[in-house]
Amino acid sequence: MAPLQVEKSRISNPIDFDKDGRRAGYLRAPLSRNTSGWGVVEIPIISVKNGKGPTVLLTGGIHGDEYEGPIAISRLARTLDPAKVQGRVIMIPAYNIPAVLNDTRLSPVDNRDINRCFPGNPRGTFSEMLAHFLDGYVLPHADVSVDLHTAGHSMESALSTNMHYVPDEAIRQKTMATAAAFGTPFNTVFWGVDEGATFTSCVERRGIVSIGTELGGWGRVNVEGVRLARRGIDNVLKHWGVIEGTPDTTQRDGSPATRHMMVRDPASYSFAPANGLFEPVNVAGEAVRAGSPAGWLHFVEDIDRDPIQINHQRDGVIWMAAGPGRVTRGDVVAVVMQGYDDKLAAG
Ligand SMILES: [Zn+2]
């Protein structure tokens, strides 16, 4: 591994990642506040290592209102037996702890989305400081990163893993194989609308395999999402040989494996053209046709104004369905994914 060439972090880490056994403690991030000038914010971190082998990094709570990942990772962190591990598992179940405790996507400390702050800055805002530590001090130890998300309060997702289209074919194939091993109904390869400052982009810049998940949303705990999160992280550990066993990727409908999908272009996204009350037609995971309505924007405060119909622009399956009833002009109300095609993807 290349030596770390990063600016010094202000966050302290009690865990020696090179030591065998189970190591658990709290990262301490300084946060000066009115009641405590030298106050810190404590972030749980657990490393389980045994001998030589790959390192899997599991992160949850990057957004504070996404619950399935923190539940699944903290459960694994309490129960993983070092004797059954070959390699290393670094677990951070609730990284953006101020947002997690506040039950919001954005950090209440600086009102930032940490997943738009990477690669961060140790002297920047609190979220930028956290982003910098994760990128500079944790990621270089990892061979694969699994970052567990849901759609939070803003949307509902089809139960899925996701990954960027990575130009390097060897890494792309490894990433797709890892996603397939996780074993959700869908794996979505996408080119996001605003991806340059995300954690995933940092992982990829370091040549590390990166998958994310979308395991529910609408601001509640998705029962099937938790089941898939738990099975999925076990599956990834098995796939990478960190624990023994073969991944179980059987789907509820009896099919044996994940369906690889993609979100190729901006036309996959439907936006609200005005403020209003959105009536969706579809739930996540449903098949739709281009030109068919994604839903109607209602103006119930006005007796004369007709609803605006918003159409899907692509055939496919709903990856993300609208969240809150009331939407603001510019909010995404639906995202459609299509079957994965490696040739189309490269173009
Ligand atoms: Zn998220």
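Two strands pair if DSSP finds at least two bridges between them. In this predicted model, strand 3 and strand 4 (residues 87–92) meet that condition, pairing in the parallel sense over five bridges.

Strand 3 (residues 55–59) is largely enclosed by the rest of the structure, because five of its five residues are buried. In a regular strand, side chains alternate between the two faces of the sheet. Here both faces are covered: Thr55, Leu57 and Thr59 are buried on one side, and Val56 and Leu58 on the other.

Turning to charged side chains, the model contains 16 salt bridges. In one of them, aspartate 20 joins lysine 49, with the closest N and O atoms 2.9 Å apart. Aspartate 20 lies in the segment before strand 1 (21–30) and lysine 49 in strand 2 (residues 40–50), so this pair ties together parts 29 residues apart in sequence. Aspartate 20 is partly exposed, at 38% relative accessibility, whereas lysine 49 is buried at 16%.

Another salt bridge brings together arginine 105 and glutamate 66 (3.7 Å, N to O). Arginine 105 sits in the loop between helix 2 (97–102) and helix 3 (126–138), and glutamate 66 in the loop between strand 3 and helix 1 (68–79). Glutamate 66 is buried, with a relative accessible area of 2%, while arginine 105 is partly exposed at 28%.

Glutamate 301 belongs to the loop between strand 14 (293–298) and strand 15 (308–311). This glutamate counts as exposed because its relative accessibility, 61%, is over 50%.

Technical notes. Residues are numbered from 1 along each chain as its sequence is written. This is a predicted model: local features need pLDDT of at least 70, side-chain atom pairs count only at pLDDT 80 or more; totals for chains, interfaces and linings use all residues. Side-chain values use heavy atoms; hydrogens and water are left out. Helices (H or I, at least four residues) and strands (E, at least two) are DSSP runs, numbered from the N terminus. Buried means under 20% relative accessible area, exposed over 50%, partly exposed in between (1.4 Å probe, protein chains only). A salt bridge is a side-chain nitrogen of Lys or Arg within 4 Å of a carboxyl oxygen of Asp or Glu.
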